Amino acid sequence: STLAHQAVMPFSIPARGTRAMLMTLCTLALARPAAAAVGPRFVVTVSSATRAQPLTGRLVVIVSRRSQPEPRFQVSPTGPALFAVDLDQLASGTAVTVDAQALGYPSTMSSLPAGDYYVQAVVNVYEQVKRADGHTLWLHMNDGTVETFAMAQGNIYSDAQKVHIGDGSEIRLTLNHLIVAEPRPADTEWIKHVRIQSDKLTKFWGRPIFINAVVLLPKGYAEHPDVRYPVVYPLGHSIPFSFTTDSATSSGKVGTVSEVTGTEAGYDFYKQWSAEGFPRFIAITLDQQTPYFPDSYSVNSANNGPYGDAIVDEVMPQLERQFRAIGKSYARIIEGASTSGWQTLALQLQHPDYFGGAWIFQPDPIDFRRYQQIDIYQDTSAFTLPVGQFLSLERPFRRSMQGQVLWTVRQLSLFEEVLGTRGRSSYQYGAWDAVFGPVGDDGYPRPLWNNLKGTIDREVATYWRDHGFDLRAYAEQHWASIGPKVVGKLHFSAGDMDDFYLNLAVYQFEDFLAHSSNPHVPGEFTYGRPMKGHSWHGQTWAELVRRIGVYVRDHAPAGERSSDWQY
């Protein structure tokens, strides 16, 4: 999950290697044109051939200095300028004007320097849903497949065109392309794809809701139909451990270990997975796109619905029956980084009897006194930090591994508000508001802070803690029942220069465990030093699976046939 799959993706996880890329902030707002520019007027029309029915959604006009890739694929906090408006039942063929009144990022439309640009319009199309809690909402819904608005099924976009900005001219764009569903990946000898409709989530949302799984089978699976296998759930991977049998398409350079991530190429992992002497596991990763983010965080949520119950009561049992898993706690291991690191810890704490161990890498904030660099219980502003009688500093959101601030909380909050009002940006802060927060009076997530003002809502902060989403506070409150069930199960790691300051909350959790009692559970903590960032893991995937293999073998109850799957 993620933080940042790719340039256009939110910060969560599955494509972990891309998260450490250093990016410089867009300088559009800072550039000084030779002559004052006159802001353009974009007139956007929906082609009736593309969409005949009325349209509700978020219209985003993208203005880029670069032609390739096309502007919709460049969208990121360090990418093109964006200007957006909401559409409400817009009739096909009706023109919409996006001008200086539209909310813009990184600044206003009038701040665009005069010059030549490449522009494109995209609409994130919303569907009306009537939720079981009585709220009727307009959201982008899908079949559970992880996707971004720039390539999401059902969204519409215009051709990219080169224009001159600076003379106040009118620029016309026609939404004449419909994004259709990508073909489902084909199954192979090793990889199987499963789509499961959740009854619990379908009832909550009033429409079919799906969770997708990618299953990696062990060597010899077909040849040994009577053998049952332990399962590791590497949450947040597109394919477990980036596995591939094709060296040409492998992520990473074959034959090397990345200095940034500490992990090997997918083809190198395949060679280990299929080798003699390697533990025989089933590995399963999950896609659980919600209306608010490409991951549900695998917990029950007032805004997202009962994803925690769906995962533990419906999805995992069905998968383990279908693919001959052992189906017992000691043989059910979870692993994840970033978004998936948070949900790995949450699953282990909330279901301590169900999971046999958790490997938690650079998790999203697990102690909200260190919500990155914000204490949501004490601070009043998410945007600024007072440092003296008359001085305050902008709070950072992302840094380089050398400590250079790359994005601020204010900048990212504005970026998300441009992408989607009412928490519909499908980006990071919107995700946390939806997962952790209460439902607002309008039925959409009530945010921790207003994206344009930054003032922290203390009632929302208290709700997050009191409903169990501050995982350090949750563990402390329920330690008498949780503690005895997680002895030896908690394994943490983080880079000391995590791009998103996530190591700070890990330090807090380590301190809590160090002082835990009845029982004392110190946990295992490994830190990447010096200057290891958000993508750092400290061991290859093959090394991790070998270690988990030994762990499961050593925790198998007497009488279990671990020799069936051990080396």
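## Basis

The model is predicted, so to speak of local features a pLDDT of at least 70 is needed, side-chain atom pairs count only at pLDDT 80 or more, and totals for chains, interfaces and linings use all residues. Residues are numbered from 1 along each chain as its sequence is written, and side-chain values use heavy atoms, with hydrogens and water left out.

## Overall build

The chain holds 11 helices and 25 strands (DSSP runs numbered from the N terminus: helices are H or I with at least four residues, strands E with at least two). Its C-alpha trace spans about 80 × 60 × 50 Å along the principal axes.

Of the 567 residues, 59% are buried (under 20% relative accessible area, with a 1.4 Å probe and protein chains only). Among contacts with a separation of 6 or more, 72% join residues 24 or more positions apart; contact means heavy atoms within 4.5 Å.

## Helix H2

Helix H2 covers residues 266–273, and its buried residues are Gly 266, Asp 268, Phe 269, Tyr 270 and Trp 273. They pack against strand S13 (210–216), strand S15 (282–287) and helix H11 (541–555).

## Gln 362

Now to a strand: Gln 362 sits in S19, residues 357–363. Gln 362 is buried, its relative accessible area being 0%. Beyond neighbours within four places in sequence, Gln 362 is in contact with Ala 337, Ser 338, Ser 493, Ala 494, Asp 498, Leu 502, His 534, Ser 535, Trp 536 and His 537.

How values were computed:
Buried means under 20% relative accessible area, exposed over 50%, partly exposed in between (1.4 Å probe, protein chains only).
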